[in-house]
Amino acid sequence: VALDFDVKNNRIFWTDTRNDSIYTSDLNGENSKLILGQGLSTPDGIAYDWVSDTIYWSDMGTHVIGATKSDGAYTRNIIAFDENDNPRALVVDPEHGMLYFTDWGTNSGIFSAWLDGSEVKKIVTQYIQWPNGLTIDRNAQVLYWVDAKEDVLERVNVDGSDRQTLTEMPDSHSFALTLYFDSSGDINKKKILFTDWRTKSIIEVKL
């Protein structure tokens, strides 16, 4: 359902909701390994902290956000939710020690916390229902998300200020998204790519 990658070591990590597991492999798909196969129910989101070599995941079935080293060591739950909460997408900002995540349950919104799970704060509180995908521009300290119920792509500063709707997407069911920078290295040439379950496509939005 979700994936992230380790650029330094050319690895990817992903969650598998069919087997309720977390896996890793080389970028070419070889050397696939199971990282976690027990204690998970519906692992949705995943994010990799390359500084501490830690994988974070959200589990809608057990209503937690957990963390583990990339080899499966030191596994623990860092945030526990009520049974009506549904944590989903995750992104990390290791340089600032921050974790950001979405919830599409009864307390839907976008939240921040320290990487140890402490000091949870709700930074987007209104007019948000199914925030399925989340990504971050770490240089600009801006979060982007797609909402499959409101049918919008939006952005907000990490402190919750300057929220903007970038585009409306009627008749879509947006899910995952990422921020792509132009190969020229120009930080002003960037775009959002997101998946659409309804049209079974990947859609590009230039910023």
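1. Let's start with a sheet. Four strands make an open sheet in the order E5-E6-E7-E8, and their pairing is antiparallel. Strands here are DSSP runs (E, at least two residues), numbered from the N terminus, and two strands pair if DSSP finds at least two bridges between them. Strand E5 (43–49) and strand E8 (76–80) are the edge strands, each pairing on one side only. From one strand to the next, the twist averages 25°; axes are lines fitted to C-alpha atoms, and angles run from 0 to 180 degrees between N-to-C directions.

2. Before going on, please keep in mind that this is a predicted model, where local features need pLDDT of at least 70, side-chain atom pairs count only at pLDDT 80 or more, and totals for chains, interfaces and linings use all residues. Residues are numbered from 1 along each chain as its sequence is written, and side-chain values use heavy atoms, with hydrogens and water left out.

3. Now look at how E5 meets its partner. E5 and strand E6 (residues 54–59) run antiparallel and are joined by five bridges. Alanine 47 stands opposite tyrosine 56 in E6, while isoleucine 46 has tryptophan 57 in E6 as its bridge partner. The two strands form a hairpin with four residues between them, and aspartate 53 in the turn has a positive phi of about 55°.

4. Is E5 enclosed or open? Seven of the seven residues of E5 are buried, so E5 is largely enclosed by the rest of the structure. Buried means under 20% relative accessible area, exposed means over 50%, and partly exposed is in between (1.4 Å probe, protein chains only).

5. Next come the aromatic rings. Rings of Phe, Tyr and Trp (its six-membered ring) pair if their centres lie within 6.5 Å; planes under 30 degrees apart count as stacked, over 60 as edge-to-face and the rest as tilted. By this rule there are six aromatic pairs. One of them joins phenylalanine 81 and phenylalanine 101 edge-to-face, at 5.7 Å centre to centre with 85° between the planes. This pair links distant parts of the chain, 20 residues apart: phenylalanine 81 is in the loop between E8 and strand E9 (87–93), and phenylalanine 101 is in strand E10 (residues 98–103). Phenylalanine 81 counts as buried at 18% relative accessibility, as does phenylalanine 101 at 1%.

6. Tryptophan 104 and tryptophan 130 form another edge-to-face pair, with 6.4 Å centre to centre and 80° between the planes. Tryptophan 104 lies in the loop between E10 and strand E11 (109–114), and tryptophan 130 in the loop between strand E12 (121–124) and strand E13 (131–137), 26 residues apart. Tryptophan 104 is partly exposed at 23%, and tryptophan 130 is partly exposed at 31%.

7. Finally, find proline 87 in strand E9. Proline 87 counts as buried, at 0% relative accessibility. Not counting residues up to four places away in sequence, the residues it touches include Asp44, Ser58, Phe81 and Thr102, where contact means heavy atoms within 4.5 Å.
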